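Let's take a walk through this model together, one region at a time. Keep the structure open beside you as you read.

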Amino acid sequence: MPSVASGGVRDSTQSNNQSSGTPSKADFFTRKQKIAQQRKSLPIASVEKRLVEEVRSNDILIIVGETGSGKTTQIPQFLFNAGFCHDGKIIGITQPRRVAAVSVARRVAEECGVELGQRVGYSVRFDDMTSSSTRIKYMTDGLLLREALLDQYLSRYSVIIVDEAHERTVPTDVLLGLLKSVQKLRSGSINQLPNIEHMKADNGALMDKKNDAQRASILKQCRVGIKLSPLKLIIMSASLDARAFSEYFGGAKAVHVQGRQFPVDILYTRHPETDYVDAALITIFQIHLEEGPGDILVFLTGQEEIESSERLVKERLRQLPEDKQMLKVLSIFSSLPSEKQMQVFMPAPTGFRKVILATNIAETSVTIPGIKYVIDPGLVKARQYSAHTGMESLIIVPTSKAQALQRSGRAGREGPGKCFRLYPEREFEKLKDSTLPDILRTDLSNAILQLKALGVDNILGFDFMEKPKSEAVVKSLELLALLGALTDEYKLSDPVGHQMARLPLDPTHSKALILASQFNCLEEMLIAVAMLSVESIFYTPREKLEEARNATKCFSSLEGDHQTLVNVYRASDEFFEKTKIGNSRENAEKNLRKWCKENFINSRSLRHARDIHRQIRENVEHMGLRVASCGDETIQFRRCLAATFFLNAALKQPDGTYKVLSSGQTVQIHPTSVLFRKKAECIIFDDLLRTNNNYMRNVTRIDYLWLPELAPQYYALKG
Ligand code: CDP
Ligand code: MG
């Protein structure tokens, strides 16, 4: 049990029951009134006029305000009401995370009393909830970047709000640079616009109808010499340091919105915890049994960890006396389907306490009402790129001080709260002040591909807020060239580079699809890529390992995990098609969930994968790629994987570990792989997970001799 160092755990007999209130389906008007009241009481409500004036008089404005003060939900509404959507123009708000975009859009639609997808909508990768009447549009930063590929001037937008800019994701950083030049273009005269017809010719084959229509409309505007209206830019951030943003935007004005923050008691453990998940679980029950009313927010590192913790909490709960079981467990992470995400915002049923298991998404992007207790193990999952090996891996690292403060702040939104940091106080002092921007520590190939597609050829010359390291840029350029996306002059190649930039996937996964059409296995590859785009298709509860293994055996292919994923998908599809006959859609989906449970498959992930599959299939069909199946000739599929993932090829060593051919790294097969027990001589893998070892995930056996044949650009040169 984590020993609580200071303050201890008090016996509290507070009577205010803040997590009460049955989800009142019944009284629509009460909810409406309550929302209106909540809106009025937000710190930002009192400065509406002033904010609107500031936006009117400044083309770039930086707004800093504490999490929960109402920036994300209110400011777009203020601007809409102030007439910023004249002529059908849109206010766009970008978020680093899809969950935030979706949940905030829902909330704002409700606040406005409109149907989601009408005046208020969202658009995230693989999920578009907008219509021609959408005026307030929440989206991910990555999505707006993709839109810029279709319309360089972002001409449909009157205002773009880059929210959560302090997160400094790669797409945010790229977007900031891009918006700076879009703003200049839009405020300049039309003659300064680059030659659009030339661009069209370049990308001609790839453009769909909508895109063509958009281009035609811009072209028309150019011809008649209409000046595009200026673009207003707002950069919003929860961190107090607006200086860097202001400097980057040439001394742009920054305004601070006062937040409301109650005191939060910070409690540390006496000793470091060896098992932070277990420590978090113990703390949940300690709070539940000994502390006064109020909901609990727990920060964990990822979907898998959250889902297994959710099961454990429910199990332990069942062991408590019945009158102590009133704890509702909910979770929130980025790939959670949107209707599930909304549940965390609902009040717990009367007498219940809510515990929400969240990733760092709940740090600043979403505000969940009712939180009084925060449990912070002090860890976060991060991508880390090594320019030396050219590989990116996922690692769990300590949070920064800024993140720890944001997390504890979540407990003091509505009243005094408590934060349980599951590490000793001396460890806090050792934390870094803030995290490095992603651009300095992650793989840049996707960003570079996008920039190239936007016509930015000199990557290091691009106006980044923080320049990426040149080794990392060079390594990514090399990778893109090896994948055939760039020409010898490092220009986007035609058609491969353009096609890759067009697909909403990692460059390697995009390449896999393009190659698969040549290897006659695009049907299989579409499934594999969709399944690889979601976290953990299989779920293997620790206590049922053997049972799970037996259940999933029927899908296993000794060829590797990719074929296994294809088998799972096809089996589920077959089951679904069968159960659809004579069943309502709702029942068929229920049956599919049951099937998933029996087969130890994560039904949420599978559903997400089915969605992604449908959309990338549309994408490739649009591009004119031939979708065919290799049937029993699965060797074609493996050859195609080898031709794509040649940089992730590894050879077995006498001691059972593997050596990555391109980097010389020592790696191991992840225990969840079908090849973990039946090791092959030569394999390719999808990605690396670094915990205490370097684990290769999603592995497929290949023939060593295929490499020089299928990837001569790399292996022939090496000799
Ligand atoms: O962006 P910022 O962190 O400043 O605040 P916000 O996201 O606009 O949230 C303002 C308030 O709206 C929060 O304090 C929540 O109480 C409420 N909210 C909600 O109840 N449900 C949501 N899905 C989003 C916000
Ligand atoms: Mg916000």
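Lys-180 counts as partly exposed because it has 16 C-beta neighbours inside 10 Å, and a residue needs 20 or more to be called buried. Bear in mind, here and below, that this is a predicted model. You will find Lys-180 in helix H6, which covers residues 170-187. Tyr-248 is 68 residues away from Lys-180 along the chain, yet their C-alpha atoms are separated by 9.6 Å.

For a contrast, turn to strand S2, residues 90-95. Six of its six residues are buried, so S2 is largely enclosed by the rest of the structure. You can check this face by face: Ile-90, Gly-92 and Thr-94 are buried on one side, and Ile-91, Ile-93 and Gln-95 are buried on the other. What does S2 pair with? One partner is strand S6 (residues 157-162), joined to S2 by five bridges in a parallel arrangement; within S6, Ile-161 is the bridge partner of Ile-93. Another is strand S5 (residues 136-140), also parallel to S2 and paired with it over five bridges. There, Gln-95 has Thr-140 as its bridge partner.

Now move along to another sheet. As a reminder, strands of a sheet pair through backbone hydrogen bonds, either parallel or antiparallel. This one is an open sheet of six strands with parallel pairing, and its order is S9-S16-S13-S10-S12-S11. Strand S9 (264-268) and strand S11 (327-332) are the edges, each pairing on one side only. On average, neighbouring strands are turned by 20 degrees against each other, direction ignored. Helix H14 (residues 401-409) lies across S9, S10 (295-299), S13 (371-376) and S16 (417-421), and runs at about 150 degrees to S13.

Our last stop is ligand 1. Which residues are closest to ligand 1? Of the 16 residues that surround it, the closest are Lys-71, Thr-72, Thr-73, Arg-107 and Thr-367. Helix H3 (71-81) and helix H4 (98-112) are the elements that give two or more residues to this shell, and H3 provides the largest share, with four residues.

Terms used: Residues numbered from 1 in each chain as written. Chains lettered and ligands numbered in written order. Predicted model: local features only at pLDDT ≥ 70, side-chain atom pairs only at ≥ 80, totals over all residues. Pairing = 2+ DSSP bridges. Axes fitted to C-alpha atoms, helices over the stretch in contact; angles between N-to-C directions. Contact = placed C-beta atoms within 7 Å. Buried ≥ 20, exposed ≤ 12 C-beta atoms within 10 Å, placed from the backbone. Near = placed C-beta within 6 Å.
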